[in-house]
Amino acid sequence: MKLSSYRVKEGEQVSFSNYPTSEEHKISEAELREKRIPKSVETLQELHWRLHAEEKNGVLVILQAIDAAGKDEAISYIFSNLNAQGLRTISVKKPSDTEQKHDYLWRIHEGLPEKGEVGILNRSYYEEVIAPRIHDLLEEEEKPDDGDVWQMRYRQINDFERYLVENGFRVVKFLFHVSKEEQRQRLLTRLKDPTKNFEFSFSDIEERKHWDEYHEIFAELVSATSTSYAPWYILPADDEWYSRYIVTEVMNDVLKEIDPQYPKLSEEDQEQLDEAIKRLENE
């Protein structure tokens, strides 16, 4: 697998025609589910333990997509396998009255990881350059006196992500690129299967009316905010298992670059450890 083919280069003007929603990778679903992903997740578990033990760096993971593209499933199949003490997840939903009284990035801070943690944003602050634009929700006082408010927010987000990276928190972003037909089939499954009804929202159907608008905005925001320090990866999300494999492999690459290590005990701590071992063994 060539991970760079899914990574959006800084300055690239994204066209989704260059990023298929599925591809001929010649790996069966059974092999992905039973061999490749478990092996990749096992590597991720070890790297995550080391990150958590070292407590020098953190990783912020952003999952962004339209409805039924596979974000929740990626969290379930990949990140739920990690040490819960070193993991935090937040779903970004409609802002509350309190949140609306602050700047648009304010509500994100509780979901940011600590050093030694992986933080998952199921949707993210990128909602603030998507939903308000499609549904015309921006208040007049939020608009600059001159210039483009969305370009301003892209710049602010880039600055925010650079700030995080410079302070020891890597940022990696995944856009689940699903076809309209595949989304239709998944929504129908949710409607027809009583065990999946709870996943369905009637707003999902309404949002399909804005399909083209969503994709225009996605292409623009990814073009504007995929940077060398906080890149976007566009996933072929019609193939759920392959997309999960890509996510896991990218996460492994990120953590290998950080190269966290288990802390070494001081001479004094080692002596105390040896003494504790002796006491327990002699009980």
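What we are looking at is a predicted model, in which local features need pLDDT of at least 70 and side-chain atom pairs count only at pLDDT 80 or more, while totals for chains, interfaces and linings use all residues. Residues are numbered from 1 along each chain as its sequence is written, and side-chain values use heavy atoms, with hydrogens and water left out.

Let me start with the sheet. Five strands form an open sheet with parallel pairing, in the order S2-S3-S1-S4-S5, where two strands pair if DSSP finds at least two bridges between them. At the edges are strand S2 (87–91) and strand S5 (232–236), each of which pairs on one side only, and from one strand to the next the twist averages 20°.

Which residues are the bridge partners of Phe174? On one side there is Leu63, and in S5 there is Tyr233. Gln64, in turn, stands opposite Leu175 in S4.

Helix H5 (residues 149–166) reaches 26 Å from its first C-alpha to its last over 18 residues, close to the 26 Å expected, the expected span being 1.5 Å times one less than the number of residues. At the start of H5, a side-chain oxygen of Asp148 comes to within 2.8 Å of the backbone nitrogen of Trp150, and just after the helix Gly168 takes a positive phi of about 95°. The buried residues of H5 include Trp150, Tyr154, Phe160 and Leu164, and among the elements covering them are strand S1 (58–65) and helix H8 (211–225), with contact meaning heavy atoms within 4.5 Å.

Helix H9 (residues 240–258) also packs on the sheet: H9 touches S1, strand S3 (118–122), S4 and S5, and its direction makes about 165° with that of S4, where axes are lines fitted to C-alpha atoms, for helices over the stretch in contact, and angles run from 0 to 180 degrees between N-to-C directions. Because 14 of its 19 residues are buried, H9 is largely enclosed by the rest of the structure.

Finally, the core. The largest nonpolar core has 79 residues, and those touching the most other members are Val59, Val61, Phe79, Tyr125, Phe174, Leu221 and Met251; such a core is a set of buried Ala, Val, Leu, Ile, Met, Phe, Trp, Tyr and Cys residues joined through side-chain atoms within 4.5 Å. Its largest share, ten residues, comes from H9. Not counting residues up to four places away in sequence, Phe174 touches residues including Val61, Trp232, Val247 and Met251.

Definitions and conventions:
Helices (H or I, at least four residues) and strands (E, at least two) are DSSP runs, numbered from the N terminus. Buried means under 20% relative accessible area, exposed over 50%, partly exposed in between (1.4 Å probe, protein chains only). A polar contact is a pair of N or O atoms within 3.5 Å; within protein, one must be able to donate a hydrogen and the other to accept it, and residues adjacent in sequence count only if both atoms are side-chain atoms.
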